[in-house]
Each structure stands twice: as structure tokens, then as C-alpha cells.
Amino acid sequence: MKLSLVKPSVIAFLMAACFAAESLAADTAAKLTGDQALQRLVAGNQRFVNDRLEHPNQSIQRRLEIARGQEPFAIILGCTDSRVPPEIIFDLGLGDLFVVRVAGNIVEKAGLGSIEYAVEHLHAPLIVVLGHKQCGAVAVAVSGGHAAGAVAHIIKAIRPAVKESRSLPGDKLANTVRANVARMVKKLREARSLKPSVQADKLKIVGGHYDWDTGRVELLPEK
Ligand SMILES: [Zn+2]
């Protein structure tokens with residue numbers, strides 16, 4: 001069945017079924033502002049850093065409560081690295097975060113589409129682009145090494161950040177990880193689908209950097 005032959009209403013239904021019902025989303029997620037959502041993330045990361053985990057929203061009751069609809073309060077665009085799982089480093093649980101993970105936390109089409117869905121239909125007020133210490137994907141781009149297959153697509157997306165941070169003093173990899181996050185934040189802010197929400201102050205987009213030695217997520221300065 002060609003997608004072009006399917007009625008828009010059917011597509012909408014399929015989208016809703018795919019991402020789960022969303023009727024609860026508008027009521028609750030919309031209550032938090034981007035700043036409040038960010039505060040919640042910072043507080044969760046603080047618990048993680050201090051080894052005071054609360055493991056919220058991981059009970060059977062929570063699972064059943066959100067079965068009817070999701071209401072994530074933040075979107076995380078993070079790296080696939082197994083040592084950077086958003087729900088754990090922000091001490092959160094089921095239905096809290098809408099997570100897109102791709103190596104090097106790059107913005108690409110499928111990820112952007114997922115983010116658009118969460119902004120438009122789930123009304124998540126915050127996006128955090130989360131880079132991390134010694135990111136392997138960024139390291140390959142910095143080394144200028146050749147990548148085969150689809151990995152080349154990821155490295156190509158990171159390469160402009162290598163160029164941008166070339167003249168900066170200090171550690172090349174650390175600088176590029178940060179420059180890459182900043183570029184992706186900018187890319188999201190300028191995405192045609194997200195720009196109106198950003199301009200209307202309904203959507204906040206920030207960059208973060210996770211250090212696995214300290215456990216801390218540092219918020220990167222807004223440019
Ligand atoms: Zn990484």
C-alpha cells in the first residue's frame with residue numbers, strides 16, 4: 001500500500017497508534033514551562049550525582065497510569081553510548097522523557113521527525129541535546145579517519161563541528177563535543193517545524209554535556 005494513497009486521517013491514526021494515545025498529554029505536560037522542565041532534569045541529575053536516587057515513576061501503578069497516554073516533560077536528543085542512558089542519569093522513570101538516541105547526538109531526518117511529533121502532539125516544552133565526554137563518534141570525526149557504510153553519514157554530520165573548534169585552545173575532542181552540541185541546538189532552533197514554538201516561547205532548546213567521571217550534566221551556555 002502506497003502511503004500517498006492513504007487518507008490523511010488514516011495516517012494520523014497510524015501515527016497516534018504508533019506513538020501511543022496522546023489524550024492525556026496536552027493537559028499535563030503543558031503545565032510545565034521549559035524552565036520548570038529543565039529544573040526537574042537538573043534536580044534528577046543532582047540526585048544521581050549524589051547517589052540519592054529516588055527511582056521515580058517506575059512502579060506498576062505508574063506503568064498502568066500512563067498506559068492510556070504519554071506526557072513526557074522533556075525531549076532528549078542523546079548519544080547511543082551505553083554509558084549515557086537519560087532516564088538513569090536524570091533519575092526518572094516511565095513516561096517522563098521522550099528520548100531520541102543516535103551516535104554523536106546528531107540531528108537527522110528520522111530523529112527530527114520524532115522530535116517534531118513530541119513537540120506538536122505531546123506538547124513537550126523542552127529539548128536537551130546531550131553530548132558527553134569522550135564521545136566515540138566525535139572522536140572518529142576529530143581523527144579524520146575513514147568511516148565505512150552508514151557510519152560515514154554520522155561522521156559527515158559531525159565534521160563541521162571539528163572545523164568550527166579547530167582554532168580553540170585546549171582539548172580538541174572536548175571542544176568538538178561541545179561545538180557539536182551547540183550546532184545541533186542551533187539546527188533544531190532553526191528547523192522550520194520547531195521555530196514557531198521556539199519563537200512563541202512554548203519550546204526551550206538547550207545543550208548539555210555529560211561527564212561520566214562525575215555523573216554531572218553541565219548545561220552549555222546559550223548562544
Ligand atoms: Zn557518544
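Analyst: A residue is called buried if 20 or more other C-beta atoms, placed from the backbone, lie within 10 Å of its own, exposed if 12 or fewer do, and partly exposed in between. This is a predicted model, in which local features need pLDDT of at least 70, side-chain atom pairs count only at pLDDT 80 or more, and totals for chains, interfaces and linings use all residues. Residues are numbered from 1 along each chain as its sequence is written. Buried residues make up 36% of the 223 residues in the protein chain.

User: Why is strand β3 called largely enclosed by the rest of the structure?

Analyst: Of the 7 residues of β3 (residues 126-132), 7 are buried, so the strand is largely enclosed. Strands are DSSP runs of E of at least two residues and helices runs of H or I of at least four, both numbered from the N terminus. The chain has 10 helices and 5 strands by that rule.

User: What makes both faces of β3 covered?

Analyst: In a regular strand the side chains alternate between the two faces of the sheet. On one side of β3, L126, V128, L130 and H132 are buried, and on the other I127, V129 and G131 are buried as well.

User: What makes the pairing of β4 with β5 antiparallel, and over how many bridges?

Analyst: Strands of a sheet pair through backbone hydrogen bonds, either parallel or antiparallel. β4 and β5 pair in the antiparallel sense over 3 bridges, and H209 stands opposite E218 in β5.

User: Why are α7 and α8 called roughly perpendicular?

Analyst: Helix α7 (residues 136-143) and helix α8 (residues 151-164) pack at about 65 degrees with axes 9 Å apart. Axes are lines fitted to C-alpha atoms, for helices over the stretch in contact, and angles between N-to-C directions run from 0 to 180 degrees. Angles of 65 to 115 count as roughly perpendicular, under 35 as roughly parallel, over 145 as roughly antiparallel and the rest as oblique. The pair is therefore roughly perpendicular.

User: Which residues make the contact of α7 with α8?

Analyst: A137, V138, V140, A141 and V142 of α7 meet I154, I155, I158, R159 and V162 of α8, contact being C-beta atoms, placed from the backbone, within 7 Å. By class there are 9 nonpolar, no polar and 1 charged residues.

User: Why is the pair of α7 and α9 described as roughly perpendicular?

Analyst: The axes of α7 and α9 come within 10 Å and cross at roughly 115 degrees, and the two helices are therefore roughly perpendicular. V138, A139 and V142 in α7 meet K172, L173, T176, V177 and N180 in α9.

Note on methods. Contact = placed C-beta atoms within 7 Å. Nonpolar A, V, L, I, M, F, W, Y, C, P; charged D, E, K, R; others polar. Pairing = 2+ DSSP bridges.
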